[in-house]
Amino acid sequence: MAKIDTLFRYLISSRGSDLHLSEGQVPKIRVHGAVTAIPEQEVLHGESFKQLLGEICDNKAFENYLEGGDLDFAYEMDEDSRFRCNYLQQQNGLAAVFRLIPTEIASLESLGVPEVVKEFGHMRAGLVLVTGPTGSGKSTTLAALLDYININFNRHIITVEEPIEFVHTNKKSIITQREVPIQTPSFADGLRAALREDSDIVLVGEMRDLETISLALTAAETGLLVFGTLHTNNARKTVDRIIDVFPANQQSQVRTMLAASLRGVVAQLLCKRIDKPGRTAVHEIMFATPAVAAIIREGATQKLYDVITGGKNEGMQFMDESIWSKLREGMISPEEAYMKAIDKTRFKKYLPANLSHLGDASGESPLTH
């Protein structure tokens, strides 16, 4: 048993999501969004901390980390406990963050993801983007969607991840999981190779550079169903981010490609619950209708708000509607709703009198965020 496993066991017993280790500090964990110190632990420092980190890591990879400063990998403590590990260096020395990965893949229903999201699993080609800030559950939602496909369809699914988080077993589909940089040098390389590997569906763990985004658009145009993630909070920002990655002289062509290949966007945020411990997901959902495609081609993304709010019959949902329903059900507080909302003015009136100053700077339109 590795020495660090004691800390992992404490994280699991506390129902935490992340373990934070940093030279010069005591170990800390994140539980339901809040970071607290682990009691009765000594400050981490020196050779003992270095050995603690090195014990669960490939020797060569650890040497590269000590030289280069960053490392991502996955660690399996036992068959029920798997962690996504990020090693970094900071001003006081070494540091690491570990995210607990559930070994059982949750269903879309148990995650509270709207039923209509299953429709993306029935598609045969195009680009589907699942977006949200770091730690908003994008990977969990995508794993659930892939599992839904795996249970119901005969497909060849290739995932390109850094690192592999949820481990899928073959059900009706064949799932090939590739880890960057171990089995493929980069997301772009993995995606390029997938075009030659008789795949039906490709999951790109992160679309963070021009080459990867360009290849994803090409793959979606040539008949693959591509799932990708971006760190954007809503559908409009997602479309803008994809376009803005490209040089100005290519953006008109990219808008045309995106309008043709985009099938939809699922934006996700986590809100702290007040009815019980934990967090609940809220979603914005956009399907690519002819109106959406025309807006993308024109570059008039501010019009997407009207299409989404008017597209309820097609299963579309504006983020603030999802937040509003959670507030109405008593699951989240007015303060949480206000902080996560796009149109702040809508929620300001529900703030307690002592917090109404939060809204003083928020006369924005729904589309300025």
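Two strands are said to pair if DSSP finds at least two bridges between them. In this predicted model, strand β1, residues 18–22, and strand β2, residues 28–31, meet that description, since they are joined in the antiparallel sense over 3 bridges. Within this pair, D18 stands opposite R30 of β2.

The two strands belong to an open sheet of 6 strands, whose order is β3-β2-β1-β6-β5-β4 and whose pairing is antiparallel. At its edges are β3 (34–37) and β4 (70–78), each of which pairs on one side only. On average, and with direction ignored, neighbouring strands of this sheet are turned by 25 degrees against each other.

| Helix | Residues | Strands contacted | Angle |
|---|---|---|---|
| α2 | 46–54 | β1, β5, β6 | about 35 degrees with β6 |

The threonine named at the outset is T184, found in the loop between β9 (174–179) and α6 (187–194). Is T184 buried or exposed? Because its relative accessibility is 2%, and buried means under 20%, T184 counts as buried. Leaving aside residues up to four places away in sequence, T184 touches V160, R178, E179, D189 and G190.

Conventions:
Residues numbered from 1 in each chain as written. Predicted model: local features only at pLDDT ≥ 70, side-chain atom pairs only at ≥ 80, totals over all residues. Heavy atoms only, no water. Helix = DSSP H or I, 4+ residues; strand = E, 2+ residues; numbered from the N terminus. Axes fitted to C-alpha atoms, helices over the stretch in contact; angles between N-to-C directions. Contact = heavy atoms within 4.5 Å. Buried < 20%, exposed > 50% of the residue type's maximum accessible area, 1.4 Å probe, protein only.
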